[in-house]
Amino acid sequence: RLAVWHDMYCCCWQEDPKKQQQTVLDVSDERQRVVHTENAMSEVKEEEDTPHTFMVKFRRKGPLSIDKTDIHNVVIKDVAGPLIDWNESQASEHQIRRYDRIVQVNGKKISGVDIDLHIEDKGRADVLLTLQRPVKRKLQLHRPGKLGVDLQYRKSSAKPWLTNITDGLVLQWNQENPSQIVTAHDRLVAVNSREELDGVIEEVRGPSPTLVLDVLHYGIGLH
């Protein structure tokens, strides 16, 4: 199911983006055996200030753990399967991390709609990925005022993502901090250090005069 959080208003749609039937909100998620790191934001290097791309190549061996719920920003959900083998043979700066964006598969641009067809190409023994490493954004927003941002997520999403930025505190932040802006398809990792979805909603709805948003920025909404 796809849930849309419109400045504190939540509603849901079926997983198929072409369908608009409302359903009951369900944000539970299944677990699998993976390699985890300490927390989401620690997996993105502090010194980077703009997203950059890099390429990895590995032998096809089992499925990839990816999040394609935002069809415009397919990301690595967990470092598992063949991605572990790649990381074990690479220096830390060349290793794949959670939330890296998959831009191309075997030299072809992909979306959440067609990525499986490219990854499962039986005519190739190897898989070549072009990845984009996101960068951290830490927004300090001071009330009163509404956020002015829509979030979308499904129960299988790694993290919610921004869809619309309208009049509000986030837009004000972007105007006052042009080198640290956030845009559509960025991932919201935490609010006031709370990473779980229920905690994020509780913090935004709560009385705190300050909201600290941890966001992973990809720059997709700039193009």
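This is a predicted model: local features need pLDDT of at least 70, side-chain atom pairs count only at pLDDT 80 or more; totals for chains, interfaces and linings use all residues.
Trainee: What is the relative accessible area of His 52?

Mentor: His 52 has a relative accessible area of 31%, so it is partly exposed. Read that value against the cut-offs: buried means under 20% relative accessible area, exposed means over 50%, and partly exposed lies in between (1.4 Å probe, protein chains only). Residues are numbered from 1 along each chain as its sequence is written, and side-chain values use heavy atoms, with hydrogens and water left out.

Trainee: Where is His 52, and which residues does it touch?

Mentor: Contact means heavy atoms within 4.5 Å. His 52 sits in strand S3. Not counting residues up to four places away in sequence, His 52 touches Leu 131, Gln 132 and Arg 133.

Trainee: Which residues form the covered face of strand S9?

Mentor: In a regular strand, side chains alternate between the two faces of the sheet. Now look at S9, residues 135-142. Val 135, Arg 137, Leu 139 and Leu 141 make up its covered face. Lys 136, Lys 138, Gln 140 and His 142 make up the uncovered one.

Trainee: In which sense do S9 and S13 pair?

Mentor: Two strands pair if DSSP finds at least two bridges between them. S9 and S13 (residues 210-217) have 8 bridges and pair in the antiparallel sense. Across that pairing, Leu 139 stands opposite Leu 213.

Trainee: What follows S9?

Mentor: The loop between S9 and strand S10 (149-154) holds Pro 144. The peptide bond from Arg 143 to Pro 144 is cis, with omega near 10°.

Trainee: What is the phi of Tyr 99, and what is that of Ser 193?

Mentor: Both values are positive, although neither residue is a glycine: about 75° for Tyr 99 and about 70° for Ser 193. Tyr 99 is in the loop between helix H1 (82-88) and strand S6 (101-105), and it is buried, at 1% relative accessible area. Ser 193 is in the loop between strand S12 (187-191) and helix H4 (197-205), and it is exposed, at 66%.

Trainee: Why is S6 called largely enclosed by the rest of the structure?

Mentor: Because 4 of its 5 residues are buried. S6 also has partners. It runs antiparallel to S8 (residues 126-133), with 4 bridges, and there Val 105 stands opposite Leu 129. S6 joins S7 (residues 108-109) through 2 bridges, also antiparallel. S6 and S7 form a hairpin with 2 residues between them, and Asn 106 in the turn has a positive phi of about 55°.

Trainee: Which residues have the most contacts inside the largest nonpolar core?

Mentor: In soluble globular proteins, nonpolar side chains tend to be buried together. A nonpolar core is a set of buried Ala, Val, Leu, Ile, Met, Phe, Trp, Tyr and Cys residues joined through side-chain atoms within 4.5 Å. The largest here has 20 residues, and Val 56, Ile 66, Ile 102, Val 105, Ile 115 and Leu 129 have the most contacts inside it. Elements giving it two or more residues include S3, S6 and S8. A second, separate core has 17 residues, among them Leu 139, Leu 141, Leu 151 and Val 182.

Trainee: How many cavities of 30 Å³ or more does a search find?

Mentor: On a 1 Å grid over the protein atoms alone, a cavity is a set of points where a 1.4 Å probe fits but cannot get out; lining residues have an atom within 4 Å of a point. Grid points are joined across faces, edges and corners, and the volume is the space filled by probe spheres set on the points. The search finds 1. Of its 13 lining residues, Val 149, Leu 151, Leu 162, Leu 188 and Leu 213 lie nearest its centre.

Definitions and conventions:
On a 1 Å grid over the protein atoms alone, a cavity is a set of points where a 1.4 Å probe fits but cannot get out, and a pocket is an open set with protein on both sides within 12 Å along at least five of seven lines; lining residues have an atom within 4 Å of a point.
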